[in-house]
Amino acid sequence: MTEAVAAARRSRITPEREAELYEAVLDLLREVGYDALTMDAVAARTRSSKATLYRQWGGKAQLVVKALRHGKPGHGEDIDTGSLRGDLHALVALEDDCTMERNSALMRGVAMAMHHNDDLRLAFRDQMVDPEMGGFRQVLQRAVDRGEVRPDCPAIDFLLHMMVGGFATRALLDDQPPTQAFLTSYIDAVVLPALGVQTD
């Protein structure tokens with residue numbers, strides 16, 4: 001099912017109802033995890049028919065990823081502070097520490113589920129990873145255009161990897177959730193120097 005067809009089908013649902021449904025999906029995901037989440041449970045929680053959910057979203061993987069995408073507070077291409085450091089710090093500031101902790105646990109669970117759910121992995125790449133890569137490319141291109149980053153800098157292709165790495169490994173290595181303070185320090189100490197940007 002193409003994105004255009006899916007959007008046309010979802011257009012029968014009001015934006016308020018769609019947001020309510022996505023929030024319910026994320027709540028269920030936090031409660032039971034991806035593998036135990038069922039369309040029956042989503043239908044019961046949202047007072048929807050299972051047939052409607054399948055007609056609107058096609059399946060569990062597509063619905064879950066759409067809910068994750070909807071829950072994101074903003075996108076990189078919408079931020080332009082005039083400097084790469086400002087843009088990356090602004091991206092981190094989109095979520096407060098409490099929200100970041102909740103979403104970090106949620107994304108860890110989804111990442112584990114992707115290892116044995118190809119439909120989830122493909123939907124996640126299509127709806128989350130590729131758009132994020134596009135947004136980061138725009139942020140970086142503006143930095144290149146301003147002369148902050150050399151166009152041949154080898155670290156350019158790894159910006160998203162570095163950002164995700166800092167976010168994901170905070171819990172793994174330090175047994176603590178990511179915070180705004182940690183991520184802004186990480187950006188200044190690791191990401192920007194790798195891109196050749198001065199932080200003093």
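In the predicted model, helix 6 and helix 8 pack with their axes 10 Å apart and at an angle of about 160 degrees. Angles over 145 degrees count as roughly antiparallel, and helix 6 and helix 8 are therefore roughly antiparallel to each other. On the side of helix 6, the contact is made by Leu84, Asp87, Leu88 and Leu91. Helix 8 contributes Phe136, Val139, Leu140, Arg142, Ala143 and Arg146. By class, the residues of this contact of helix 6 with helix 8 divide into 7 nonpolar and 3 charged, with no polar residue.

Helix 8 also packs against helix 9, at an angle of about 115 degrees and with the axes 9 Å apart. The range of 65 to 115 degrees counts as roughly perpendicular, so helix 8 and helix 9 are described as roughly perpendicular to each other. From helix 8, the residues in contact are Val129, Glu132, Met133, Phe136 and Leu140; from helix 9, they are Leu159, Leu160 and Met163. The contact of helix 8 with helix 9 comprises 7 nonpolar residues, no polar residues and 1 charged residue.

Met39, Asp40, Val42 and Ala43 in helix 3 meet Lys50, Leu53 and Tyr54 in helix 4. This contact of helix 3 with helix 4 has 5 nonpolar and 2 charged residues, and no polar ones.

The structure holds 2 aromatic pairs. One of them is formed by Tyr22 and Trp57, with an edge-to-face arrangement, a centre-to-centre distance of 5.8 Å and 70 degrees between the planes. Tyr22 belongs to helix 2 and Trp57 to helix 4, so that the pair links distant parts of the chain, 35 residues apart.

The largest pocket has a volume of about 1400 Å³. Its lining consists of 44 residues, of which Lys72, Met107, Met128, Val164 and Phe167 are the closest to its centre. At least two lining residues are supplied by each of helix 2 (15-32), helix 5 (60-70), helix 6 (84-92), helix 7 (97-114), helix 8 (118-146) and helix 9 (159-174). Helix 7 provides the largest share of the lining, 10 residues. By class, the lining of the largest pocket holds 25 nonpolar, 10 polar and 9 charged residues.

Technical notes
Residues are numbered from 1 along each chain as its sequence is written. This is a predicted model: local features need pLDDT of at least 70, side-chain atom pairs count only at pLDDT 80 or more; totals for chains, interfaces and linings use all residues. Side-chain values use heavy atoms; hydrogens and water are left out. On a 1 Å grid over the protein atoms alone, a cavity is a set of points where a 1.4 Å probe fits but cannot get out, and a pocket is an open set with protein on both sides within 12 Å along at least five of seven lines; lining residues have an atom within 4 Å of a point. Grid points are joined across faces, edges and corners, and a volume is the space filled by probe spheres set on the points. Helices (H or I, at least four residues) and strands (E, at least two) are DSSP runs, numbered from the N terminus. Ala, Val, Leu, Ile, Met, Phe, Trp, Tyr, Cys and Pro count as nonpolar, Asp, Glu, Lys and Arg as charged, and the others, Gly among them, as polar. Contact means heavy atoms within 4.5 Å. Rings of Phe, Tyr and Trp (its six-membered ring) pair if their centres lie within 6.5 Å; planes under 30 degrees apart count as stacked, over 60 as edge-to-face and the rest as tilted. Axes are lines fitted to C-alpha atoms, for helices over the stretch in contact, and angles run from 0 to 180 degrees between N-to-C directions. Angles under 35 degrees count as roughly parallel, over 145 as roughly antiparallel, 65 to 115 as roughly perpendicular and the rest as oblique.
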